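Colleague: Before I take the labels on this model at face value, could you go through how some of them were reached?

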Amino acid sequence: MRSSTREANLQALLEDDNEARSHVGDLVEVYKDILAEDVRGTRLAHMIDAVHFTQQTADIVYDGNSLRESSLPDAILAVFRQFLRCKYPGLRDTGTAEDSSASVSSPKTKVLDRFSLRGVQYTTASRLRRDSHVVFRSPQSQETSTLPPSPGPGQIIHIFLDPHDHAPRCSVSPGQRNHTSVYVCVRPYASLQPGQEPELSNIDQMYRRFGFSGGFLYRNEFETPIIVEPSSIISHVAVTPLQICGHGVLHILPMDRVRLFTRFAQ
Amino acid sequence: MEAVWTDMALTELPSWVTKAPSNWGTATRGKLSANNWRVICAIHLPITLIRLWGGDDIPDNQKAMLENFMDLVRAVQIANLRSISRKEIELYEHYISRYMTSFKSLYKLAKVKPIHHAALHYGDVLRGFGPAHTHSAAFYERYIHSMQSENHNMKLGLSFDSRSNIILVPIAVSTR
């Protein structure tokens, strides 16, 4: 009771007294975080967290000290160029003298092994395989269809920063940390071919009938890597390689604790 | 069980999911923790059981058992979401109610226990207090575990280990 009263008094003091607030400006942010701890993950937290309405960037955290200089493979670089052209239609191709910073001419970039998104850690396959399996919204499906992008599973193989940091061209509020320059390279798993493998499709339907609890089947093969923003990642998945009717398939079960997967899949 | 164990060994789980013992269900392993049961029921059993019991050529009784089990899995998963809406609470109530109804017809000798009754009311708890993690006992269970690992002389209040801060906690709790 005493503690709650003190907290209430302190909140009122910080709210009303500008001078007091200016003296403890650095502490206020930490204090707000601690106050919000009791409502983490609740609807109330979203309602009282004003940042939720203004900040469009995902909640990403990474260790700046673990950034290291590395070269992206040519194939990934080409996919990244394509991604940037779609994201920033005004960008010119490599080598254009007018705006050389807008292109991605060098494979050198800063890479990461892991980052944390909405409090969950994701890593590259080379760092920790089990934390690299994800379900994500593919930007490609969004471009080619009028329907909302359907989530698909894949494996994170690279996490890197935009070498030329195109993101500041977007409007960013002063003081707001902008993480849009973090990109994730994902190898999507290949989906089943219903016409070619009817037995597998039947078993896949058996799983899908149970919705978010049953999971689904994918082929144990990768498609061409794609680049996504971290905010496109929905959750981790549990991956089980199975042999069904002589075919090697993967059972994918989303480990989504906020049912984002279901909301996007609808 | 062999099929479940085989699939379990192949499943790659994220690092934040605690792995269940590979020999669960045997006398050697003994009792499982609540979290172990949750991982087994929500992840490992659906992967194997749907494949084995979900086909058209499976006897009706087995199919009904699978449906019944999956109703429970869905209810537990919804009840453990970190963020929950009224619609999801209604979904929880739908699945747990269907689970209990078919449970009574499928397992006629099984007794309905107080936990089953409580589960039918858990929708009201979610509606009133929000997601499970905001009011679940996991924090206190962890704390009890850490206190149980301390040396003690079975005489409450007569000894205090100065290296430990456990004595501070009851004071802090009582003042809030």
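Colleague: Where is the place of B:S136 in chain B?

Modeller: In this predicted model, B:S136 sits in the loop between α5 (114-129) and α6 (138-148) of chain B.

Colleague: Why is B:S136 called partly exposed?

Modeller: B:S136 has 13 other C-beta atoms within 10 Å, whereas a residue counts as exposed at 12 or fewer and as buried at 20 or more; the value of 13 lies in between, and B:S136 is therefore called partly exposed.

Colleague: How far apart are B:S136 and B:N80, in sequence and in space?

Modeller: They are 56 residues apart in sequence, and their C-alpha atoms are 9.8 Å apart in space.

Colleague: What makes up the contact of chain A with chain B, and which elements of chain A take part?

Modeller: The contact takes 31 residues from chain A and 30 residues from chain B, and a residue pair is in contact if the C-beta atoms lie within 7 Å. On the side of chain A that touches chain B, the elements that give two or more residues are α1 (2-16), α8 (198-208), β11 (233-244) and β12 (247-254). The largest share, five residues, comes from β11(A), and by class this side of chain A has 14 nonpolar, ten polar and seven charged residues.

Colleague: How many helices and strands does chain A have, and what percentage of its residues is buried?

Modeller: Chain A has nine helices and twelve strands, and of its 266 residues, 26% are buried, that is, have 20 or more other C-beta atoms within 10 Å.

Note on methods: Residues numbered from 1 in each chain as written. Chains lettered and ligands numbered in written order. Predicted model: local features only at pLDDT ≥ 70, side-chain atom pairs only at ≥ 80, totals over all residues. Contact = placed C-beta atoms within 7 Å. Helix = DSSP H or I, 4+ residues; strand = E, 2+ residues; numbered from the N terminus. Nonpolar A, V, L, I, M, F, W, Y, C, P; charged D, E, K, R; others polar.
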